[in-house]
Amino acid sequence: MTGRLTIVGLGPGDEALKTSRAVEALAAASDLVGYHTYLARVPERAGQHRHGSDNREEITRAREALQLAAAGRHVAVVSSGDPGVFAMASAVFEAIEAGEKAWRTLDVEVVPGVSAMFAAAARLGAPLGHDFCAISLSDNLKPWEVVLQRLTAAAEAGFVIALYNPISRARPWQLGAAFERLRLLLPPSTPVAFARAISRPDERVLITDLQSAMPATADMSTLVLIGSAETRRLDRASGDPWLYTPRSLEARS
Ligand code: SAH
C-alpha cells in the first residue's frame, strides 16, 4: 500500500504561524480533506483534489480520508491550530480503531500546529507560564455535567484554564453557566481574557476580570482564558495590559 495520510495543523490563522513541515505536507498531497473554512486557508495547487465538508461531519470526513489513502492517494487532512487539540487527529484514530484492518498499515503522520491557546497566550504575555489546562465547553461530545465537574476541579486545583469552543448558535448559554460556576470558586478579580481570531485580520482581545466577564463578548472564534490566583495583570501606559503567570508558586495556606 503506497497511500499516505497526513493530519496537518494550519495554526491559528497567520501564514507565518504555519510550520514549514505543514506547508510541505500540504504541497505534497494529492487530496486535501477538511472543513470548507479551513480548506480555504490552503493555497490552491493545480491537480490537487479538494474534499470540503461541514464542520460537524468529522468521523465521515476521517473515513473518507482513510479510504482515499487506502486507495493509494496522498491525503492531507487539515485542522486549524494543532490537529490533536479538539480536532481531526483523534477523529482519524477513532475511525482507524473502528474501521478496516488494512487502515492500520497506512503511513499516518500528524503534523503539529500552533494551537489557539498558545497563539492567544503569546498575544497576551505569558499567562500559561505555570500549570494550566484546556477544556472544550462544547457538550456535543460529552455531557454538560462533566464539563462543570472538570471546570470545578480545574479551578479548585489552581490551574489557569483555556476554554475552547466557548459558545455557538447551538450552545448559547454554556459560557454564562461556566462563569457562574467559576465565580463560586475563584476571586472576583481573577483575570479573564477573550482572545478572538488571534493572528487573523479580525483579531480582537479583551482583558477583564471574572466579576465583569460577559459571555456575549465571545463567539466561535474566541479562546477564553481564565487566570489562576497567581496570574498577574501588568498595566502599561499604552496598549493592552500584559497577563502573565509566574513560574514559581508560593506555598499556599
Ligand atoms: N485544533 C484547534 C482547536 C479547534 S476547536 C486548535 O488547536 O487551536 C475550535 C476553537 O478553537 C474555537 O471555538 C476557539 O475557541 C479556538 N480557536 C481556534 N482558532 C482561534 C484563533 N485564531 N483565535 C482564538 N481562538 C481560536
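Contact is taken to mean heavy atoms within 4.5 Å. Helices (H or I, at least four residues) and strands (E, at least two) are DSSP runs numbered from the N terminus. The model is predicted, with local features requiring pLDDT of at least 70 and side-chain atom pairs pLDDT 80 or more, while totals for chains, interfaces and linings use all residues. Residues are numbered from 1 along each chain as its sequence is written, and side-chain values use heavy atoms, with hydrogens and water left out.

Helix H7 covers residues 174-185. Buried residues (under 20% relative accessible area; exposed, over 50%; partly exposed, in between; 1.4 Å probe, protein chains only) in H7 are Gln174, Leu175, Gly176, Ala178, Phe179 and Leu182. Their cover includes helix H6 (144-157) and strands S8 (160-164), S9 (191-196) and S11 (222-226).

Five aromatic pairs were found in the whole structure. Rings of Phe, Tyr and Trp (its six-membered ring) pair if their centres lie within 6.5 Å; planes under 30 degrees apart count as stacked, over 60 as edge-to-face and the rest as tilted. Tyrosine 35 and tyrosine 38 form an edge-to-face pair, because their ring centres are 5.0 Å apart and their planes stand at 90 degrees. Tyrosine 35 is buried at 18% relative accessible area, whereas tyrosine 38 is partly exposed at 22%.

The rings of tryptophan 144 and tryptophan 173 have centres 5.2 Å apart and planes at 80 degrees, so this pair is also edge-to-face. The pair joins distant parts of the chain, 29 residues apart: tryptophan 144 lies in helix H6 and tryptophan 173 in the loop between S8 and H7. Tryptophan 144 is buried, with 13% relative accessibility; tryptophan 173, at 47%, is partly exposed.

Terms used: Expected span 1.5 Å × (residues − 1).
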